[in-house]
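Here is a briefing on a protein model. Look over the sequence and the structure before reading on.

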Amino acid sequence: DEAVPSEYTLLQNYPNPFNPETTIEFSVPTPGPVTLSVFNVLGQEVAMLVDEVIAPGQYRVQFSQENLPSGIYFYQLRATNFTSTHQMILQK
């Protein structure tokens, strides 16, 4: 059994830059609603990767993107009393 994480974490995606797929890892210490979204530089949401109530644990999400143009994107993890945002680069 993996230990339950003691805090929320959002790790840098890998690989970064990526084409066409990257992995995003995050940890959740308590059960509750979680969203993981991807935004473009204009702040427009381009993908919703997670939008559900999840159990405590460590998660790994694949983000595969053939349709978006090359550029800088941001991914944001939101949970109760927690928000974290990281930057990633799609290079085609």
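Is N81 buried or exposed? N81 is exposed, because its relative accessible area is 80%. Buried means under 20% relative accessible area, exposed over 50%, and partly exposed lies in between, with a 1.4 Å probe and protein chains only as cover.

This is a predicted model: local features need pLDDT of at least 70, side-chain atom pairs count only at pLDDT 80 or more, and totals for chains, interfaces and linings use all residues. Residues are numbered from 1 along each chain as its sequence is written, and side-chain values use heavy atoms, with hydrogens and water left out.

**Loops and backbone**

- N81 sits in the loop between β6 and β7. Strands are DSSP runs of E with at least two residues, numbered from the N terminus.
- N81 is not a glycine, yet its phi is positive, at about 60°.
- Y14 and P15 are joined by a cis peptide bond, with omega about -10°. P15 belongs to the loop between β1 and β2.
- A cis peptide bond also joins N16 and P17, with omega about 5°. P17 lies in the loop between β1 and β2.

**The sheet of β1, β2 and β5**

- Three strands make an open sheet in the order β1-β2-β5, with antiparallel pairing. Two strands pair if DSSP finds at least two bridges between them.
- β1 (9-10) and β5 are the edge strands, and each pairs on one side only.
- Two bridges hold β1 and β2 in an antiparallel pair. L10 is opposite F26 in β2.
- β2 and β5 are antiparallel too, with eight bridges.
- β2 is mostly covered, with seven of its eight residues buried.

**The salt bridge**

- How many salt bridges does the structure hold? It holds one. A salt bridge is a side-chain nitrogen of Lys or Arg within 4 Å of a carboxyl oxygen of Asp or Glu.
- The partners are the side chains of E25 and R60, at 3.6 Å from N to O.
- E25 is in strand β2 and R60 in strand β5, so the pair links distant parts of the chain, 35 residues apart.
- E25 also stands opposite R60 in the strand pairing.
- R60 counts as exposed because its relative accessibility is 57%.
- Side chains of opposite charge can pair when their charged atoms come close.

**β3 and its partners**

- β3 is mostly covered: of its eight residues, seven are buried.
- β3 pairs with β4 through eight bridges, in the antiparallel sense. β3 and β6 also run antiparallel, joined by five bridges.
- S37 has a bridge partner in β4, M48. In β6, the bridge partner of S37 is Q76.
- T35 lies in strand β3. T35 is buried because its relative accessible area is 14%.
- T35 is in contact with M48, V50, D51, Q76, L77 and R78, leaving aside neighbours within four places in sequence. Contact means heavy atoms within 4.5 Å.
- The hairpin of β3 and β4 has five residues between the strands, and G43 there takes a positive phi near 85°.

**The nonpolar core**

- Which residues touch the most other members of the largest nonpolar core? They are F26, V34 and L36, in a core of 22 residues. A nonpolar core is a set of buried Ala, Val, Leu, Ile, Met, Phe, Trp, Tyr and Cys residues joined through side-chain atoms within 4.5 Å.
- β2 (21-28), β3, β4, β5 (57-64), β6 (71-79) and β7 (82-90) each supply at least two residues of this core.
- β6 gives the most to this core, with four residues.
- V34 touches F26, V28, V50, D51, E52, I54, L77, R78 and A79, not counting residues up to four places away in sequence.

**The surface patch**

- V41, L42 and I72 make a nonpolar surface patch of about 310 Å². Such a patch is made of residues with over 30% relative accessible area and no salt bridge, with nonpolar side chains (Val, Leu, Ile, Met, Phe, Trp, Tyr) joined within 5 Å. Accessible areas come from the Shrake-Rupley method with a 1.4 Å probe.
- V41 is in the loop between β3 (32-39) and β4 (45-54).
- V41 counts as exposed because its relative accessibility is 56%.

Note on methods. Patch = residues over 30% accessible without salt bridge, like charges linked within 9 Å, V, L, I, M, F, W, Y side chains within 5 Å.
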